[in-house]
2 protein chains.
Amino acid sequence: MSLMPIPASMQVKTGQLVVDPSFSVGINGHADVRLQRAVELFLDSLRRQTGMTPLDLKLTDAAQAKLVVHAEHASKAVQELGEDESYSLEVSPAGAKLDAATPLGIMRGLQTFLQLVHTTSEGFAAPAIAIQDKPRFPWRGLMIDVGRHFMPLDVLKRNLDGMAAVKLNVFHWHLSENQGFRVESKKFPKLQQMGSDGLYYTQDEVRELIAYARDRGIRVVPEFDMPGHTTAWFVGYPELASGPGPYQIERKWGIFDPAMDPTQERTYKFLDAFVGEMAQLFPDQYFHIGGDEVNGKQWDANPNIQAFMRSHGLKSNQDLQAYFNTRVQTIVSKHGKTMVGWDEILRPDLPKDIVVQSWRGQDSLAAATKQGYRGLLSFGYYLDLNWRASQHYAVDPISGEAANLSPEENQRILGGEACMWSEYVSPENIDSRIWPRTAAIAERLWSPQQTTDVNSMYQRLAQISRWLDWLGPTHNSSYAPMLRRIAGSNDISDLRTFVDVVEPVKDYNREELAVVEATSLSPLNRVIDAARPESATARHFADLVNALIAGRADTDTKQEARALLTLWRDNQTRLKPLETESFLLKEIVPLSQDLSQVAATGLQALDYMNRGGRAPEAWATQQFALLEEAQKPKAQLLLTVAPSVQKLVEASSGKKAPPPK
Amino acid sequence: MSLMPIPASMQVKTGQLVVDPSFSVGINGHADVRLQRAVELFLDSLRRQTGMTPLDLKLTDAAQAKLVVHAEHASKAVQELGEDESYSLEVSPAGAKLDAATPLGIMRGLQTFLQLVHTTSEGFAAPAIAIQDKPRFPWRGLMIDVGRHFMPLDVLKRNLDGMAAVKLNVFHWHLSENQGFRVESKKFPKLQQMGSDGLYYTQDEVRELIAYARDRGIRVVPEFDMPGHTTAWFVGYPELASGPGPYQIERKWGIFDPAMDPTQERTYKFLDAFVGEMAQLFPDQYFHIGGDEVNGKQWDANPNIQAFMRSHGLKSNQDLQAYFNTRVQTIVSKHGKTMVGWDEILRPDLPKDIVVQSWRGQDSLAAATKQGYRGLLSFGYYLDLNWRASQHYAVDPISGEAANLSPEENQRILGGEACMWSEYVSPENIDSRIWPRTAAIAERLWSPQQTTDVNSMYQRLAQISRWLDWLGPTHNSSYAPMLRRIAGSNDISDLRTFVDVVEPVKDYNREELAVVEATSLSPLNRVIDAARPESATARHFADLVNALIAGRADTDTKQEARALLTLWRDNQTRLKPLETESFLLKEIVPLSQDLSQVAATGLQALDYMNRGGRAPEAWATQQFALLEEAQKPKAQLLLTVAPSVQKLVEASSGKKAPPPK
């Protein structure tokens, strides 16, 4: 049984409820179309998970049903922030009962039930258990940037299925960027016609996705980033910009100069009409206006803007942006919506109902909260930085300065969002950046604050990752095909041995270390694009090494560590023939050689440890130099087993490695 | 380079054409929407195969293009049997040229180009080559039975993508069965409302699929099987039947009694209206009326029908069915269509334009041809019988009696169809029954008759199987998740070792050997449902054994054979813990024990052979008994490595195994 997120409370009981083809669900209490759809979706998932047919597992009368679902009343027509998502689930050998105030709570409980069902000696079954569950935070989101790389609707749908599975409830749809404007506007059709390369969602598709999300208990919050990040708007509407056009869709990554002209009334007239149209299309109460990363260069260079600033007493570009935000907030509010924006929008003159999304950190979040604003944390949840799950897991919205807030201020911290910025993800590999790590973030936002056992998290994450395969995300299934393409061969065992132990460089080092500048036209077919953000093999090896060093390794552990090191030592020889056949493999030759050398070092260290004596200092010094070299990124990849081998050298020699130069 | 089907002729040249993000396609000569769509689909596939983005690989002016496509004239508005599909493709380091009479030929050539592109040291590239290609037969089909198990539209689409990739051109859609009626009829809505369990295609979905097929150069021929196989029709319209109702959707498999009443005018009135409606919905010229497997019991039991037969001089049920067919043919013809039916429809009183699809064999096909009818072969191409690819590959439509036909009679053999009857396939595993074996059948129907090298076929089939992964079919990707479900664990290495060397029993032995009768409600989640129809591992092991016995095995071969046998011998011990945890594993315990024993026998035989002497006769006798037992199906599975081990025992002992009792 691997539940993720962990429920608020549960009591495991004796026995289990068998789920065979005659298993059925009944609804008593409140019933509506959305609840019925939720049950149908649940049965679909259960059929997929168990391999049963559409003729098995029925919705029946509650009196005959094995699982009885009871909601007290309807959810809101448009899902609201803070709606009751709590539920209680009781499973006994005779049947199960799921109770909730609303269909939304039922949805959450049904996902828990799916996670309980597993293969047993008696059949598929859920263990007897009593669960009382509710979320810690009301806003638990995933942002996907479809501006930099467009993601077709089916990619979003399968990720919404993943979100629902781990009880996330906000899809933040980052819809416009310098590199693309992705929604059909009927009022301003040049936005998509000239700003999207033909890669945009029609309004019908937007409605389809919103309905899909709603069926899964997920709100959809659109973001139209302004006044910066707007080059794609200006291709069709250069009159909105602060500098002379013409503009072209941006192909590079980074922060760019173009920004809307906050001094022209025509800008607000346009935004009033545009926001009005989009406020109709997107039913959610919240409307994200971005507001991040304006470098101000176009404003500095425009004498009219400078004159405007002087005449209006605006002393800085920050003041000018605050003026813009105030105007935009009025428009958003006029169309019935509540404004959300990134840290930069925070200025005390904005009304208190806005929400600030913090990429800067908990202190920034706390500052907003103290001023009476509500806030979301995204710092620490940036999936594109290729952090390990444990790093994300350690980030709590209520920590740092935010740990010292009053209960009332605490209430204003609504939750957080994982963010998938898309410079380096395609429809093929985006799932592998989102999953499974987002499940750890989802647990942080749903489960009680004291849920912090990293080993438990990783054990469950491994289970949930495979379980998510049934629901659509392709984070696991895309790996081997990508390796086959790189190898130019169907035999990828040696390549996999290598890629299993490397990780993409972290943070923004991919840009820093680029040999050729990447653009939106760069194929994402390299080893770095296939390699997972976190190497499970390296984590496992680190566990073995820690056991070895602590003197608590049994024979199996010792043998396994030795077998892995031997596999890695000999891998370069086996991989070599492929390297001359595939252009995509050439760049990894140095790192593959490093792996072989590092593994050889590890084996030597084990030999020294076995003999009981100490490894010679000269040998250790030499290995430390080699390990330092091996820990430098190559082909924008990190050799993740090197630090563990370094520990072995330290343990075998009694010397500490010198700090890296 | 792995082309499948092999072109009619080709000349490999020197050098290669690099396919980088700037690669482009231009159209000169005839241009229309269908051709442009074909190029867009080609570019999409190429992007997927290479990992390039939607901004790479453009449709440009022919003058700048790397691949220039030239069609002489349009294809027919509705794709016709026998339309020109020939093309010529020239690839040089500087560029490529694809010429065809029609967009249909261009589609075939584009698929060939995709198969040429592979990963090289210089980048993705197609080798320089000149190809002149055309199909041997004009009708190359795949039939999918969506009556017994419904297949959602996306399952059909991904299989149409697979079909297009291997140049099949007819999707035969078997739409009605005792177990389900699968198309929305607006004239007779009770057909789908009462006969489908809600699992049917709307007319919009039918049109969507036909358009999808047309974009890929595939005709869609609907089949409505009659007068038998019609129980699902009678649930809503019992008055069509020959026996009193009421009727229920059939849940079992087999041949059933219900049949339409051929003696009632209301039957033909219904069929006239129904065929009229469907003739509008399905634009293809051909309309399949099934006509197979009428057991006649309802006719025998109905005194009115008996009286009718006497008064009309119909001496047998065959005569009655012929009468029915003649009436139906008139209706089909009235609505502008040409009738197709299974062997049973063949009676000399039908007009010569009908097409007979033979499940009985080439002799039956030849008989039809001699009578002036056109025919299709499906005997030998039944995918549900779990034959190996080589068996299908050996079946030629023009062989047996059909080898002695006149050229004119030969012309009437239009081709053939692979048939996927769906008693034992679900959306999850149907692709693994269709692919890759259907590619071998596709080659039989497209390539010159003398293309018969089985080793070459298997080598290319392995490549094409993985290449098909880019296009959608899930025959490879569905395997591991099914094994994980069976194991109830993410660690499936030992289970995979076992399932890799078993095959489902062949022909109709699954029914024969069933412990519990299977129905349409039976989950298809057992080992037999995950196991592939053909074990690649067993084929490889057989090659190793043949080399060993022939004395042409090198050290690597010997080592590999020994390593495999050792793996298998020790597998049962490793698999054992799982067997107590999963109900789906219990049934394979005896066969898993067999595998271990058989492998131990193989290792002993190798030892005897190594020593140079002869294995003792008593030992051999004992092993033959063990091997005979191990070759008996268990859990409806065959242990595919046992025959090779038997060869080793024979070689080591100099004794022949006794014929199985």
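Copies are superposed by least squares on the C-alpha atoms of residues with pLDDT of at least 70 in both, pLDDT being the predictor's confidence in each residue, from 0 to 100. In this predicted model, a rotation of 180° with 0.0 Å of shift along its axis places chain A on chain B with an RMSD of 0.0 Å. The two copies are thus related as by a two-fold rotation axis.

**Conventions**
- Residues are numbered from 1 along each chain as its sequence is written, while chains are lettered from A and ligands numbered from 1 in the order in which they are written.
- Local features need pLDDT of at least 70, side-chain atom pairs count only at pLDDT 80 or more, and totals for chains, interfaces and linings use all residues; side-chain values use heavy atoms, with hydrogens and water left out.

- Ser477(A) has the C-alpha of chain A that is nearest the axis, at 3.4 Å.
- The same surface serves both copies, as 100% of the contact residues of chain A recur in chain B.

**Confidence**
- The average pLDDT of chain A is 96, and 100% of its residues score at least 70.
- For the complex, the predictor gives an ipTM of 0.95 and a pTM of 0.96.

**Interface**
- Contact (heavy atoms within 4.5 Å) joins 45 residues of chain A to 45 residues of chain B.
- About 3200 Å² is buried between the chains, 59% of it from carbon and sulfur atoms; this is the accessible area (1.4 Å probe) that two parts lose on being put together, summed over both.
- The rule finds two salt bridges across the interface, each defined as a side-chain nitrogen of Lys or Arg within 4 Å of a carboxyl oxygen of Asp or Glu.
- Asp469(B) and Arg484(A) form a salt bridge through their side chains, at 3.4 Å from N to O.
- Elements of chain A that each supply at least two residues of the side touching chain B include α16 (454-467) and α17 (479-487); helices (H or I, at least four residues) and strands (E, at least two) are DSSP runs, numbered from the N terminus.
- α17(A) gives the largest share of that side, five residues.

**Backbone**
- Most residues other than glycine have a negative phi, and most peptide bonds are trans.
- The bond from Trp435(A) to Pro436(A) is cis, with omega near 0°, and Pro436(A) sits in the loop between α14 (430-434) and α15 (437-446) of chain A.
- Ala635(A), although not a glycine, has a positive phi of about 55°; Ala635(A) belongs to the loop between α25 (617-630) and β20 (637-639) of chain A.
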